[in-house]
Amino acid sequence: MAAVPSSTTTRTAHGAVPHVEVRTPRRPLHPLLPSDKPIIVTIDGPAGTGKSSVARLLARRLGLDFLDTGAMYRAAAVVAIERGLGVDRAAELVAAVVDADLHFDWSADPPDILASGRSVSSRIRGGDVTAVVSPIAGIPALRRHMVRKQRLIAAQHPRLVTEGRDQGSVVFPAAPVKFYLDAAPATRARRRADQLREAGLDADADALLADITERDRSDSTRREGPLIKPGDAIVVDTTSLSLEGVVGTLERLVLERMARA
Ligand code: DC
């Protein structure tokens, strides 16, 4: 079936671009989920826990939309690199990101992320982006901008699995189901290496472990929106679980929680 474009477009400095709510016909909602209320499922945790794959597959199984907030921070880093702006020029960097009008094309699965009306999805996993994204994600004004955008997206996509670092703690504190995924650092580094190799990119597991450890430190110690375990999150250690095992566990827990909500 063809995508059903909404009537709205956003006009920016770069012309009219398809707005966030270009929709494909939604996959049917899971029959055990209520069709008359919003459902936000948050998945937070450090890099390499399998969050993105888990969130995408979980959303597919439950008939929910999927929001990858790391992709938003990565797209901001792409804008910063292309404009030659570092964290030492934070105000200009944030203005450039606001001007780039980051948004998703929801007709793709997973949704395609655009900056200045151009897809950057194939660019955001590059090593140069990964190297600078964490300090950029620590800029308080940038985080506030992203939090606003993420809440707007949730208003337009009220049945959502959203993954990141601060989704359950800051962005959607009232979400009815929150998960925190964790795994041993060496396992996380190995998973990232496999992911990069699958994408045809170079991967050195030792360098990735050092990078993951440094990003954990940086993401957990920043002042605004640090990576924390929300007190009411269900913690799942994925070290010895398969992807299918994690997705199945989370699916069961969401259905149990929503039956009681
Ligand atoms: O999950 P990821 O590796 O794609 O995230 C990229 C970076 O963005 C990572 O350094 C953490 C940061 N991030 C964040 O600070 N807050 C989020 N909600 C999502 C990602």
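Where is Pro-110 found? I looked it up: Pro-110 sits in the loop between E5 and E6.

**Entry 1: ground rules.** I am working from a predicted model, in which local features need pLDDT of at least 70, side-chain atom pairs count only at pLDDT 80 or more, and totals for chains, interfaces and linings use all residues. Residues are numbered from 1 along each chain as its sequence is written, and side-chain values use heavy atoms, with hydrogens and water left out. Helices (H or I, at least four residues) and strands (E, at least two) are DSSP runs numbered from the N terminus.

Entry 2: I took strand E5 (residues 103–105) and strand E6 (residues 112–115), which pair in the antiparallel sense over three bridges; two strands pair if DSSP finds at least two bridges between them. His-103 stands opposite Leu-114 in E6. The hairpin from E5 to E6 runs through six residues.

**Entry 3: phi values.** Most residues other than glycine have a negative phi, and most peptide bonds are trans. Ser-116, in the loop between E6 and E7, has a positive phi near 50 degrees. Asp-101 also has a positive phi, about 50 degrees, and is not a glycine; I found Asp-101 in the loop between helix H3 (90–100) and E5. Is Asp-101 buried or exposed? Its relative accessibility is 15%, so Asp-101 counts as buried (under 20% relative accessible area; exposed is over 50%, partly exposed in between, with a 1.4 Å probe and protein chains only). Ser-116 is partly exposed, at 29%.

**Entry 4: H2 against H4.** I checked how helix H2 (residues 69–83) packs with helix H4 (residues 127–137): the angle is about 105 degrees and the axes are 8 Å apart. That makes H2 roughly perpendicular to H4 (65 to 115 degrees; under 35 is roughly parallel, over 145 roughly antiparallel, the rest oblique). Axes are lines fitted to C-alpha atoms, for helices over the stretch in contact, and angles run from 0 to 180 degrees between N-to-C directions. Among the residues that meet are Tyr-73, Arg-74 and Ile-81 in H2, and Asp-128, Val-132 and Ile-136 in H4; contact means heavy atoms within 4.5 Å.

**Entry 5: H8.** The 17 residues of helix H8 (residues 205–221) should span 24 Å at 1.5 Å a residue, and the end C-alpha atoms are 24 Å apart, which agrees. The expected span is 1.5 Å times one less than the number of residues. Which residues of H8 are buried? I listed Leu-208, Ile-212, Arg-215, Asp-216, Ser-218 and Asp-219. The buried residues of H8 pack against H2, H4 and helix H7 (185–198).

**Entry 6: the sheet.** I read the strand order as E4-E8-E3-E9-E10, an open sheet of five strands with parallel pairing. Strand E4 (65–68) and strand E10 (234–237) are the edges, each pairing on one side only. From one strand to the next, the twist averages 20 degrees. Strand E9 (residues 177–182) and E10 run parallel, joined by four bridges, and Leu-181 has Val-236 in E10 as its bridge partner. H2 packs on the sheet and touches E4 and strand E8 (159–164), its direction making about 40 degrees with that of E4. Helix H9 (residues 243–260) also packs on the sheet, touching strand E3 (39–44), E9 and E10, at about 155 degrees to the direction of E9.
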